[in-house]
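The structure is shown first.

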There are 2 protein chains.
Amino acid sequence: MRKELASFLKEIRPLDQKAMQFARARQDQLTKPQGSLGRLEELSIQLAGIRGDALAPLKNKVVITMAGDHGVVATGVSAYPQDVTPQMVYNFLRGGAGINVMARQVGARVVVVDMGVAASLEPHPQLVSRKVAAGTSNLAVGPAMSSEQADQAILAGIEVVESEIKRGLDIVGTGDMGIGNTTPSSAICAAITGQPVATITGKGTGINPRQRAHKVKVIEQALEVNCPNPGDALDVLAKVGGFEIGGLAGVIVGAAHNRVPVVIDGFISGAAALIACGLAPQARDYIVASHMSVEPGHKAMLRFLGLKPLLDLNLRLGEGTGAALGIFLADTAVHVLAEMATFAEAGVSEANPKLD
Amino acid sequence: MRKELASFLKEIRPLDQKAMQFARARQDQLTKPQGSLGRLEELSIQLAGIRGDALAPLKNKVVITMAGDHGVVATGVSAYPQDVTPQMVYNFLRGGAGINVMARQVGARVVVVDMGVAASLEPHPQLVSRKVAAGTSNLAVGPAMSSEQADQAILAGIEVVESEIKRGLDIVGTGDMGIGNTTPSSAICAAITGQPVATITGKGTGINPRQRAHKVKVIEQALEVNCPNPGDALDVLAKVGGFEIGGLAGVIVGAAHNRVPVVIDGFISGAAALIACGLAPQARDYIVASHMSVEPGHKAMLRFLGLKPLLDLNLRLGEGTGAALGIFLADTAVHVLAEMATFAEAGVSEANPKLD
């Protein structure tokens, strides 16, 4: 690992306990039975701890959607041709994809990043080019990337989120695009959580049972050939990861370092979170898990990280669509804490203490 | 039942299959793997069937929050004094309650209705007065209301929602306020679903185990004394219901009659939905269940109705707070269906048919 990255990771601090205590105490003074807004209350307390401020609105919202291609598609693990990755990048840039619609719904900008698409993308004012290479190597036969490339992907992610922070950023969501990228994500999941590949491998964009069985074999082979070291997240990323996954891991640690809440999307963002928390366990507290994906490995990831998803809507699109919904809930949680009247302000009687 | 109500209920029509088919077909043409937006896709299809239009945005959004008091509080079933009902109504009118913040978040107006608060409320331009009486009678010793009052509550609910429809209404959420109202809601739940009172009775705003045991006895007594007929929803409402519950049942059937989607909140709205669907089983298809409440009886209600909640955030506030979040998801679902590009429009390749 580059020295600069190692020291950056060490600087991620614990949450601000004082701000969390303030948020908790205020929740209990608002005109509602204590705890009656459930997960929204918990979320407001976590956000206070992350930001060091319980009441400041989440004004600037961004979803960072990172794209990359995967050499492993040569083995036939996806239902879609690889061309779809650049095609979808153009769809993002034109505003026609799911993430565009959902980001508009929640007032978030979408930042599209080419981390390693296997095509030469036309320049576009909204496209950030951080291409590490034109797709990873086939992880079924050797490492997906070199350790230098793994470093580079993470540093690029940090730089992307820090450049957004310079423009003003109060909350960031992570999203992905990359045909074949449930395969490296499953490999990362198996390598780090220790769960059997067959258990945590799903249907991705929609392959049939025969194809899924093949995908399981490819992932098992990748783990045998590469022997990623589960205690070394950078090694796991290099051996069986992807450029967009590394970039998103960088976004997560970069956000944590700057005390910006990071709302992770589904399975691919979950793989990035495993890498990020492997690099810097303190980053975990800065993560909000937006939803539980249909991909079976997602549950194993979130359990391993000790994260509880907010939503369970059978989503499996990626792009950051679930993260956008999570950003909305975070925004709502902060508004509730800041704007609801207290019992004293509203002249509302509190619960009868006899009953407590 | 009044004749006008009976014929009104019969006029609720089935969903528009053609609009649903259009929505389903369009979902499959949008630039995402088929089905990958899960519950949001299903929701868009249901909304199309309700409205007869798959793509029209949900512009006018309203949460109708109905307040009422309950004679049964004399038996000590709630942690809060009855004064809190009018105090919270004033809090709603000043914009300081949870529902106000959350409705602002989703761009909905809040319509506050006095269905039967046991206090004389000061007139307010935003307060709709449809008071049936100053609180119900104690259902532990006799019927909560007369059958005429039950009729009146439902008709009032229909009139309230129809007056909003005249102003312009694309989606409506239901909400409640009424100290003690988890008690009649549990009684309705037990009477209609047949579940044991002890199983479906919860802690309401936060009573202790001893108080909960007392509440169970009160509800069991109410069912014994009143013998509500589970096959006659109006009878159940009169014997063990509440004015705000009857009003909300009216909102539900009124919305269904006018093909307006109705997003129900938690436990009290669930009791209203049981009454509404008892009166008019076709109303069920017009209901979107926003969330799973912490109240244990809510699950029994939704299962009985065959409704699947969108969210599970440990909410138990009521007021329509969960419904507001449901309205946001409905709005998002329609935007996605209307605004996402199709494969053809975006020039994106579809899934490889070999794999299907």
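The model described here is predicted.

**Helix packing**

Two packed helices are described by the angle between their axes and the distance between the axes. The table gives these values for two pairs.

| Helix pair | Angle | Axis distance |
|---|---|---|
| α12(A) (residues 267–279) and α13(A) (residues 296–305) | roughly 30° | within 9 Å |
| α2(B) (residues 17–27) and α14(B) (residues 321–339) | about 65° | 9 Å |

In chain A, the axes of α12(A) and α13(A) cross at roughly 30°, so these two helices are roughly parallel to each other. The crossing of α12(A) with α13(A) is left-handed. On the α12(A) side, the contact involves A:Phe267, A:Gly270, A:Ala271, A:Ala273, A:Leu274 and A:Cys277. Facing them in α13(A) are A:Gly297, A:His298, A:Met301, A:Phe304 and A:Leu305. Sorted by class, the residues of this contact are 8 nonpolar and 3 polar, with no charged residues.

In chain B, α2(B) and α14(B) pack at about 65°, which means that α2(B) is roughly perpendicular to α14(B). This crossing, too, is left-handed. Helix α2(B) contributes B:Ala23, B:Arg26 and B:Gln27, while α14(B) contributes B:Leu337, B:Ala338 and B:Glu339. The contact of α2(B) with α14(B) holds 3 nonpolar, 1 polar and 2 charged residues.

**Where the chains meet**

How many residues of chain B are in contact with chain A? There are 63, and they touch 63 residues of chain A. Between the two chains an area of about 5,000 Å² is buried, and carbon and sulfur atoms give 61% of that area.

Side chains of opposite charge can pair when their charged atoms come close. Between chain B and chain A there are 2 salt bridges. B:Glu339 takes part in a salt bridge with A:Arg104, at 2.9 Å from N to O. B:Glu339 also belongs to the contact of α14(B) with α2(B) described above.

**Salt bridges in the whole structure**

Over all chains, the search finds 22 salt bridges. Another pair joins A:Arg167 and A:Glu164, whose closest N and O atoms are 3.9 Å apart. Both residues lie in helix α6 (residues 147–167) of chain A.

Notes: Residues are numbered from 1 along each chain as its sequence is written. Chains are lettered from A and ligands numbered from 1 in the order in which they are written. This is a predicted model: local features need pLDDT of at least 70, side-chain atom pairs count only at pLDDT 80 or more; totals for chains, interfaces and linings use all residues. Side-chain values use heavy atoms; hydrogens and water are left out. Axes are lines fitted to C-alpha atoms, for helices over the stretch in contact, and angles run from 0 to 180 degrees between N-to-C directions. Helices (H or I, at least four residues) and strands (E, at least two) are DSSP runs, numbered from the N terminus. Angles under 35 degrees count as roughly parallel, over 145 as roughly antiparallel, 65 to 115 as roughly perpendicular and the rest as oblique. A crossing is left-handed if the near helix is turned anticlockwise from the far one by less than a right angle, and right-handed if clockwise. Contact means heavy atoms within 4.5 Å. Ala, Val, Leu, Ile, Met, Phe, Trp, Tyr, Cys and Pro count as nonpolar, Asp, Glu, Lys and Arg as charged, and the others, Gly among them, as polar. Buried area is the accessible area (1.4 Å probe) that two parts lose on being put together, summed over both. A salt bridge is a side-chain nitrogen of Lys or Arg within 4 Å of a carboxyl oxygen of Asp or Glu.
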